[in-house]
Amino acid sequence: MRKKQLIAGNWKMNGGLAANQILIDALLQGMGSPACDVALCVPAPYFSQVQALLSGTSTALGAQDVSAQLQGAFTGEQSVSMLCDFGVRYAIVGHSERRQLHGETDELVAAKASAVLGKGITPIVCVGETLAQREAGHTEAVVKHQLAAVIHANGHCISEIVVAYEPVWAIGTGVTASPDQAQAVHAMLRAQLRHAASEHANDIRIIYGGSMNAANAGELLAQADIDGGLIGGASLKAPDFLKIIAAAC
Ligand code: PEP
């Protein structure tokens with residue numbers, strides 16, 4: 001049975017104490033009791049504030065990254081147990097900005113997924129091809145290779161992950177994958193998961209990210225293998241994010 005759709009906001013390196021309060025107040029007021037799952041992946045310095053603002057609501061707190069290491073001399077990193085201290089329920093791993101700007105490899109992303117799974121946090125594992133890779137016809141090979149590393153390291157609990165298909169050329173560009181393009185990749189990823197975890201493949205949420213907005217969310221979220229969205233820019237505007245949540249529900 002398919003799980004509820006998941007709409008996760010990725011605030012990236014945006015926010016501030018006052019702005020966060022205004023945004024979350026507006027979201028909670030407008031959201032009511034959504035039929036989908038909702039998460040906000042916020043910058044780590046705001047975990048405490050956002051945890052308090054979301055307390056008693058069904059909206060989950062998420063992180064944008066995590067260390068694969070459990071503790072020690074890793075300046076600037078946050079461990080999984082630190083995330084647990086603030087009630088974090090989801091952690092994005094392998095976002096293309098981390099892969100591209102911080103050189104994160106498939107193996108490191110898989111280790112991060114293992115670290116959070118070990119503490120009961122759901123990893124949102126991002127995969128996606130660049131424009132050059134798509135134009136060279138390599139989309140399938142690229143996304144499957146990225147996901148394979150995570151399956152290899154976490155086969156025993158693969159049903160606990162969320163996969164986010166995020167074509168790099170669609171992130172923050174205003175160019176969205178068409179519903180057909182996105183569905184085709186989601187179906188490939190579902191088939192790969194079926195191969196790895198046949199009985200659970202339909203339960204694993206595969207969400208889409210890349211310039212999803214209030215106008216295009218309905219059509220994307222209606223695709224058979226799209227189980228939600230990872231939303232960057234539009235998650236910072238309450239009316240837009242609320243429309244996406246409504247489209248999912
Ligand atoms: C993202 O950063 O994960 C993302 C999908 O960003 P945007 O919605 O702005 O393209």
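User: How far is the sulfur of Cys84 from the closest cysteine sulfur, and in which residue is that sulfur?

Analyst: This is a predicted model, in which local features need pLDDT of at least 70 and side-chain atom pairs count only at pLDDT 80 or more, while totals for chains, interfaces and linings use all residues. Residues are numbered from 1 along each chain as its sequence is written, and side-chain values use heavy atoms, with hydrogens and water left out. A disulfide is a pair of cysteine sulfur atoms within 2.5 Å, and by this rule the count comes to 0 disulfides. The sulfur of Cys84 is too far from the closest cysteine sulfur for a bond, because the distance is 14 Å and the partner is Cys157.

User: Is Cys157 buried or exposed?

Analyst: Buried means under 20% relative accessible area, exposed over 50%, and partly exposed in between, computed with a 1.4 Å probe and protein chains only. Cys84, with a relative accessible area of 31%, is partly exposed. Cys157 has 17% relative accessibility, and therefore counts as buried.

User: Which residue has a polar backbone atom 2.7 Å from an oxygen atom of the ligand?

Analyst: A polar contact here is a pair of N or O atoms within 3.5 Å. An N or O atom in the side chain of Asn10 is 3.3 Å from a ligand oxygen, and a backbone N or O atom of Gly233 lies 2.9 Å from an oxygen atom of the ligand. The polar backbone atom at 2.7 Å from a ligand oxygen belongs to Ser211.

Terms used
A polar contact is a pair of N or O atoms within 3.5 Å; within protein, one must be able to donate a hydrogen and the other to accept it, and residues adjacent in sequence count only if both atoms are side-chain atoms.
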